[in-house]
Amino acid sequence: MSDDVQPTVAEVRAAVEAFKAALDRHLDAIENRAGGEDPAVYAAFEALASAAEVYDELLYESYDEVTPFEVPSGESMPEYAGPEEPEAISVLIRRDYTIVEPDRLFAQARRAGEAEETESSTVNAAIGVIFGEYEPDEIAQRHKEFGLEEGDSTLWVSAVEPAEPGEWLDAPFDQADPQLVVCRFDVSAVFDDELGVLDPD
């Protein structure tokens with residue numbers, strides 16, 4: 001059984017109420033803007049993005065459902081310069097973890113590697129066993145069982161030219177061009193921190 005603590009109904013409700021309040025504050029800031037680059041509008045936009053991200057995450061964790069909202073990633077990405085109708089796409093995912101309980105990692109690796117008598121006495125070996133046995137999405141869902149703590153994660157969907165089998169395997173990430181990113185989704189504790197500052201209750 002997973003040690004993950006599922007969000008309560010009250011937590012999901014609180015997140016959606018915070019999201020609705022952020023919507024109201026965003027509209028209010030727009031209606032009362034002072035000039036074309038009012039910092040209050042920017043601050044309300046960032047708060048709205050953070051509240052939407054928190055609600056989306058809790059909704060997924062509790063009910064395996066998502067919202068239709070894409071939270072913009074800010075000014076860190078350049079304007080899209082790829083084709084309007086790409087022939088192919090590439091999905092690039094980065095998920096960071098901190099190894100907080102090595103004993104759990106070793107225990108899971110021993111269980112997973114028993115059938116193959118895999119050596120897992122070092123952290124690197126245990127990680128190899130875990131990621132060889134489980135899909136990355138399953139590890140993300142069950143990270144606490146493996147002694148891991150989630151860090152930031154990002155997913156880029158990029159426009160690419162159709163590739164031949166094995167064509168890019170020698171350097172799989174060399175063509176990660178930000179200008180070809182069709183859409184991007186980020187998850188970070190930064191959003192939780194910003195929401196906490198916005199609404200400590």
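Which side chains meet in a salt bridge at 2.8 Å, N to O, with Asp137 as one partner? The partner of Asp137 is Arg95. A salt bridge is here a side-chain nitrogen of Lys or Arg within 4 Å of a carboxyl oxygen of Asp or Glu. The model is predicted, local features need pLDDT of at least 70, side-chain atom pairs count only at pLDDT 80 or more, and totals for chains, interfaces and linings use all residues. Residues are numbered from 1 along each chain as its sequence is written, and side-chain values use heavy atoms, with hydrogens and water left out.

Helices (H or I, at least four residues) and strands (E, at least two) are DSSP runs, numbered from the N terminus. Arg95 is partly exposed, at a relative accessible area of 30%. In this classification, buried means under 20% relative accessible area, exposed over 50%, and partly exposed in between (1.4 Å probe, protein chains only).

The count of salt bridges comes to seven. Side chains of opposite charge can pair when their charged atoms come close. Another of these contacts joins Asp96 to Arg94, where the closest N and O atoms are 2.9 Å apart. Asp96 is partly exposed, with a relative accessible area of 31%, whereas Arg94 counts as exposed at 54%. A salt bridge also links the side chains of Glu145 and Arg142 at 2.8 Å, N to O. Glu145 is buried, its relative accessible area being 11%. Glu138, Arg142 and Glu145 together are linked in a network of salt bridges.

The protein chain has six helices and three strands. Their order from the N terminus is α-α-β-α-α-α-β-β-α. Of the 201 residues in the protein chain, 30% are buried.

Helix H1 has 23 residues and reaches 33 Å from its first C-alpha to its last, close to the 33 Å expected at 1.5 Å a residue. The expected span of a helix is 1.5 Å times one less than its number of residues. The buried residues in H1 include Val12, Ala15, Val16, Ala18, Phe19, Ala22, His26 and Ala29. For helix H2, with 25 residues, the reach between the first and last C-alpha is 36 Å, close to the 36 Å expected at 1.5 Å a residue.

Two aromatic pairs are present in the structure. Rings of Phe, Tyr and Trp (its six-membered ring) pair if their centres lie within 6.5 Å, and planes under 30 degrees apart count as stacked, over 60 as edge-to-face and the rest as tilted. Phe19 and Tyr55 form a stacked pair, with 6.1 Å centre to centre and 15 degrees between the planes. Phe19 lies in helix H1 (residues 9-31) and Tyr55 in helix H2 (residues 39-63), so the pair ties together parts that are 36 residues apart in sequence. Both Phe19 and Tyr55 are buried.

Ala43 also lies in helix H2 and is partly exposed, with a relative accessible area of 44%. Ala43 and Arg25 are 18 residues apart in sequence and 9.8 Å apart in space, C-alpha to C-alpha. Just after H2, Asp64 takes a positive phi of about 60 degrees. Most residues other than glycine have a negative phi. Asp64 is located in the loop between H2 and E1 and counts as exposed, at 53% relative accessibility.

Val181 is placed in strand E3 (residues 181-187) and is buried, with a relative accessible area of 8%. Between Val181 and Pro78 there are 9.0 Å in space, C-alpha to C-alpha, although the two are 103 residues apart in sequence.

The second largest pocket holds about 370 Å³ of space. On a 1 Å grid over the protein atoms alone, where a 1.4 Å probe fits, a pocket is an open set of points with protein on both sides within 12 Å along at least five of seven lines, and lining residues have an atom within 4 Å of a point. Grid points are joined across faces, edges and corners, and a volume is the space filled by probe spheres set on the points. This pocket is lined by 17 residues, of which Ser90, Val160, Trp168, Pro172 and Gln175 are the closest to its centre. Strand E1 (88-99) and strand E2 (148-160) are the elements that give two or more residues to the lining. The lining residues divide into twelve nonpolar, three polar and two charged. Ala, Val, Leu, Ile, Met, Phe, Trp, Tyr, Cys and Pro count as nonpolar, Asp, Glu, Lys and Arg as charged, and the others, Gly among them, as polar.
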